[in-house]
Amino acid sequence: MKKNYILRNDLAIQNKKYKKINKYLINNIEVEQYGYKDFSFADIIFNNLESNSNKNDLKQALKKEIKYFLKKYNLNNKTSCLVVGLGNKNVISDALGTQVCNNIVATGYFGFLNINNYRDVYVYIPGTTKESGMEAFKGVNALVKELKPDFLIIVDSLVCSHIRYLNSVIQVTDMGITPGSGLANYNEEISLNTLGVPTFVVGVATATFASTIIRDVMNVKKSHISFKDGYDFLVVSHNIDILIKNLSKVISESINEVLNNFKTF
């Protein structure tokens, strides 16, 4: 039995609906900015994270884009933030959000210690639905109502539909996210529309499908490919553990530095 597979994608750089509005370079790091309706996207493209100079350039680009979104919504250094790490900590390609959050400096309790020079930052890792018994949105929504943060930063692993972008693009957007949508496992959207507060998403395409690789190798232009049922698989790179470790460090350090100027030495 044959089944049609839609080539799934979470990246603005591959979505023809989005309009490219700007492009710039920071040494070897390329940044492409897109617009869609009232929302913005920045795709930060890099080749490798083997050198410290590349990591530093990537951090500079990511910090610049996060600051852009804070400015877009008039969020000054007195506003509070909830950082959410989506994903499954037990599946390394899906553990980006959890690993980033493990390194975010939470300052929400500083006020109780009479330390008042820092932005309030809260950290939440929802885990999987199987672990918690509920979708990520429900936990996030409950915390938003209780903590009343001024904005959210969501970190998650994404899916791309071209191997060119696998493990080589960090995307930042204010459009929000539907957890699991890249795998056709749709959950409730986490966004400004559903929560009522600005919601920024930082994601990296850490996985793709076998059908994507076959399409790229055979130079097939169609967005649907037919396979025998059960023959399509989610694919990650052989060194995904090292990549997730490096990317989580770059992202967490960027967020810490933007939110409260915490430097890592």
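Some ground rules before we dig in. The model is predicted, so local features need pLDDT of at least 70 and side-chain atom pairs count only at pLDDT 80 or more, while totals for chains, interfaces and linings use all residues. Residues are numbered from 1 along each chain as its sequence is written, and side-chain values use heavy atoms, with hydrogens and water left out.

Let's start with β5, residues 81–85. Helices (H or I, at least four residues) and strands (E, at least two) are DSSP runs, numbered from the N terminus. Five of the five β5 residues are buried, so the strand is largely enclosed by the rest of the structure. Here buried means under 20% relative accessible area, with exposed over 50% and partly exposed in between (1.4 Å probe, protein chains only). Cys-81, Val-83 and Gly-85 point one way, Leu-82 and Val-84 the other.

Which strands does β5 run parallel to? One is β6 (residues 121–124), joined to β5 by four bridges; another is β7 (residues 151–159), joined by five. Two strands pair if DSSP finds at least two bridges between them. On the β6 side, Leu-82 sits opposite Tyr-122, and in β7 the bridge partner of Val-84 is Ile-154. Together, β5, helix α2 (residues 96–101) and β6 form a right-handed β-α-β unit. Right-handed means that, with the strands pointing away from the viewer, the path from the first strand over the helix to the second runs clockwise.

**The cores**

In soluble globular proteins, nonpolar side chains tend to be buried together. A nonpolar core here is a set of buried Ala, Val, Leu, Ile, Met, Phe, Trp, Tyr and Cys residues joined through side-chain atoms within 4.5 Å. The largest one has 38 residues, and Ile-44, Val-83, Ile-153, Ile-170, Ile-251 and Ile-255 have the most contacts inside it. Helix α7 (residues 240–260) supplies the largest share of this core, eight residues. Apart from it lies another core of 30 residues, including Tyr-36, Leu-152, Tyr-165 and Leu-195.

Contact means heavy atoms within 4.5 Å. Leaving aside neighbours within four places in sequence, the contacts of Ile-44 include Ile-29, Val-31, Leu-58, Leu-62 and Ile-170, along with Glu-30 and Glu-65.

| Residue | Relative accessible area |
|---|---|
| Thr-173 | 4% |
| Thr-107 | 0% |
| Asn-256 | 6% |

Thr-173 belongs to strand β8 (residues 169–173).

Thr-107 sits in the loop between α2 and β6. The Thr-107 side chain reaches the backbone oxygen of Arg-119 at 2.4 Å. Among its contacts past four places in sequence are Asp-120, Val-121, Asn-260 and Phe-262.

Asn-256 is found in helix α7. Asn-256 and Asn-103 are 153 residues apart in sequence, yet their C-alpha atoms are 8.6 Å apart. With neighbours within four places left out, Asn-256 is in contact with Asn-103, Ile-104, Val-105, Asn-261 and Phe-262.

Definitions and conventions:
A polar contact is a pair of N or O atoms within 3.5 Å; within protein, one must be able to donate a hydrogen and the other to accept it, and residues adjacent in sequence count only if both atoms are side-chain atoms.
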